[in-house]
Amino acid sequence: MDRIKERLQSLRQEADNAVARAEEAEAKNKKLEQVILEKDQEITSLNHKLSVMDGDLEKAESKLAEAKAAQEEGDQSKSQNEALQRKIQLLEEELDAADKNLKDAMEKLRQVDVKAEHFERQVQRVEQERDQWEKKYEEAQTKYRESQAQLDELVASMEGL
């Protein structure tokens, strides 16, 4: 009987120990389930953050693509602007050369006009001299005819003598 009591007591002790271990295991299990629940919630939260970040990344990538396209367009505009500036500069140089040629041509035209006026005056003077010579010729011709007529009269009157 002592053995049975000892055995019973040892079984009770083992049962108490088993109950304590079971209670400890249950508490530990509850803690681990709580940790698992927290981790699941953290995973859900992180998945949500990841999807939000993916959306933000897509927006940022589209903005980057737009910025690159705008930069390329700006570079093209810049190169077009530089080409137009060079073209403007060349056209301005051509305009300056054309202005210089025009000034030279205008100066030559003015000189030609002055020479033409000079020659016109000379032509007028020569025409006046010609008119004077023609007048003198006509006067001389008239005097010659008169003299010839007088001479013919004189010859006729001398023949009549």
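Trainee: How many residues apart are Glu-107 and Arg-110 in helix α1, and what does that mean in helical turns?

Mentor: Glu-107 and Arg-110 sit three residues apart in helix α1, so about one helical turn separates them. Helices here are DSSP runs of H or I with at least four residues, strands are E runs of at least two, and both are numbered from the N terminus. Keep in mind that this is a predicted model, where local features need pLDDT of at least 70, side-chain atom pairs count only at pLDDT 80 or more, and totals for chains, interfaces and linings use all residues. Residues are numbered from 1 along each chain as its sequence is written, and side-chain values use heavy atoms, leaving out hydrogens and water.

Trainee: Which residue forms a salt bridge with Glu-107?

Mentor: Arg-110 does, with the closest N and O atoms 2.6 Å apart. The term means a side-chain nitrogen of Lys or Arg within 4 Å of a carboxyl oxygen of Asp or Glu. The structure holds five salt bridges.

Trainee: Is Lys-100 buried or exposed?

Mentor: Lys-100 counts as exposed because its relative accessibility is 53%; the classes are buried under 20% relative accessible area, exposed over 50% and partly exposed in between (1.4 Å probe, protein chains only). Its salt-bridge partner is Asp-104, with the closest N and O atoms 3.5 Å apart. Asp-104, at 35%, is partly exposed. Both lie in helix α1 (residues 2-159), four residues apart, about one turn.

Trainee: What joins Arg-130, Asp-131 and Glu-134?

Mentor: Start with Asp-131 and Arg-130, whose salt bridge has its closest N and O atoms 3.0 Å apart. Salt bridges that share partners then join Arg-130, Asp-131 and Glu-134 into one network.
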